[in-house]
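Biologist: I would like to learn how to read a model like this one, from the whole fold down to single side chains. Could you walk me through it?

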Amino acid sequence: MKAIVINEYGHKEQLQEQEVEKPTPGKGEVLVQTKATSINPIDWKIREGYLRQMVEFDFPLILGWDVAGIVAETGEGVTSYQKGDRVFARPDLTGKGTYAEYTLVAERLLAPLPENVSFEEGAATPLAGLTAWQCLTDVTRVQEGEKVLIQAGAGGVGSYAIQFAKELGAYVATTGSTKNVDFLKSLGADEVIDYTKDDFAEVLNDYDVVFDMLGGDVLDKAFDVLKKGGRLVTIAGQPDEEKAKANDIEATSFWLEPDGKQLKEIADLMEAGKVKANIGHRYPLTTEGLQEAHGLSETHHAKGKIVINA
């Protein structure tokens, strides 16, 4: 089968098309024919070798950890899916990812893809959607009527987080550039702080929850907008423990756990029209397509999700 692989860590030029062996599903596994996948920052961070101390892979390495497609084959013991079913998933973090014509997914990580949700929309959702969902429901436990700040709302995770927080009944503020203000309001944001004009820490105060995706100085300033006893979650660094303790803030650094049942909950919201995927860019599953897509993701200025069509 065709796959886009890297044979050593390095820049985007390492991404090259290559013929690799088509995988065979084992016990509890499903072989999915990839219709679409998407780009996430973890893809190029692993490609560059930034995470090799956390996870070490063998080469050739197939990146990609989002998939939407059709069940091609099922392994022993699989009962929930059969050949031809439309599915999507955030597979386990292995070296046999989704930049390929076929990919293996554990049955427990799959969710049915609703008929009214496209493969592109399905591929855009699992990693970013589950990250937003878990950070808001499991980690910070957002309640109706609470005030929530979501940083970088126009990005992949942020665009889902705004919609989920509104679905949970929160008042939602978010940050973005001038060109994205209307887009962020269309997602449901109650208040948009244009970071090119204003400092969110000077505008907002007495918030219950902050969801940080930027780290650094932005993460440090997040403490200034939280009320005493507030909650902070970040996917971009480590919060200051002393600052958290001094302000009675529950501060957490988050790492996603793939979960098919939670993905099904997101799928139900999408099927009902309550949550939508926001796709800003599309590329083909080719050497050139993946190199361009990685280059865009590395700028941190992609609007919505970057989808790859197989």
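Modeller: Gladly! Let us begin with contacts: two residues are in contact when heavy atoms of theirs lie within 4.5 Å. In this predicted model, residues 24 or more positions apart account for 67% of the contacts with a separation of 6 or more.

Biologist: How many helices and strands does the protein have?

Modeller: There are ten helices and 16 strands. The radius of gyration is 19 Å, close to the 19 Å that the globule rule gives for 310 residues, so the protein is as compact as a globular protein of that length. Along the principal axes, the C-alpha trace spans about 55 × 40 × 35 Å.

Biologist: What about burial and surface?

Modeller: A residue counts as buried when its relative accessible area is under 20%. By that cut-off, 55% of the 310 residues are buried. The protein exposes about 13,500 Å², and carbon and sulfur atoms supply 44% of that area.

Biologist: Now a helix, please. How should I read one?

Modeller: The general idea comes from the geometry. An α-helix has 3.6 residues a turn, so residues three or four places apart point the same way. Here, take helix α1, residues 41–48, which is mostly covered, with six of its eight residues buried.

Biologist: Which residues of α1 are buried, and what do they pack against?

Modeller: The buried ones are Ile42, Asp43, Trp44, Ile46, Arg47 and Glu48. They pack against strands β1 (2–6), β3 and β4 (61–62), as well as helices α3 (126–139) and α10 (287–298). Just after α1, look at Gly49, which takes a positive phi of about 90°.

Biologist: Let me try a single residue. Where is Thr37 found, and is Thr37 buried or exposed?

Modeller: Thr37 is found in strand β3, which covers residues 29–39. With a relative accessible area of 1%, Thr37 is buried.

Biologist: What does the side chain of Thr37 reach?

Modeller: For a polar side chain, look for N or O partners within 3.5 Å. The side chain of Thr37 reaches the backbone oxygen of Asp66 at 2.6 Å. It also makes a polar contact with the side chain of Thr98, at 2.8 Å. Beyond four places in sequence, Thr37 touches residues including Tyr99, Ala123, Ile306, Val307 and Ile308.

Biologist: And what should I note about Thr98?

Modeller: Thr98 is found in the loop between β6 and β7, and at 1% relative accessibility it counts as buried. A polar atom of the Thr98 side chain lies 2.9 Å from the backbone oxygen of Asp66. So that backbone oxygen has the side chain of Thr37 at 2.6 Å and that of Thr98 at 2.9 Å, given the 3.5 Å cut-off for a polar contact. Among the other residues in contact with Thr98 are Thr34, Ile62, Trp65, Pro91 and Thr103.

Biologist: Where does Ala100 lie, and what does Ala100 touch?

Modeller: Ala100 lies in the loop between β6 (86–89) and β7 (102–106). Its relative accessible area is 0%, so Ala100 is buried. Leaving out residues up to four places away in sequence, Ala100 touches Met1, Lys2, Ala3, Thr34, Ile62 and Leu285. For a sense of distance, the C-alpha atoms of Ala100 and Leu232 are separated by 37 Å, and these residues are 132 apart along the chain.

How values were computed. Residues numbered from 1 in each chain as written. Predicted model: local features only at pLDDT ≥ 70, side-chain atom pairs only at ≥ 80, totals over all residues. Heavy atoms only, no water. Helix = DSSP H or I, 4+ residues; strand = E, 2+ residues; numbered from the N terminus. Rg over C-alpha atoms; globule rule 2.2 N^0.38 Å. Buried < 20%, exposed > 50% of the residue type's maximum accessible area, 1.4 Å probe, protein only. Areas by Shrake-Rupley, 256 points an atom, 1.4 Å probe, with all protein chains shown as cover. Polar contact = N/O pair within 3.5 Å; in protein donor to acceptor, adjacent residues only side chain to side chain.
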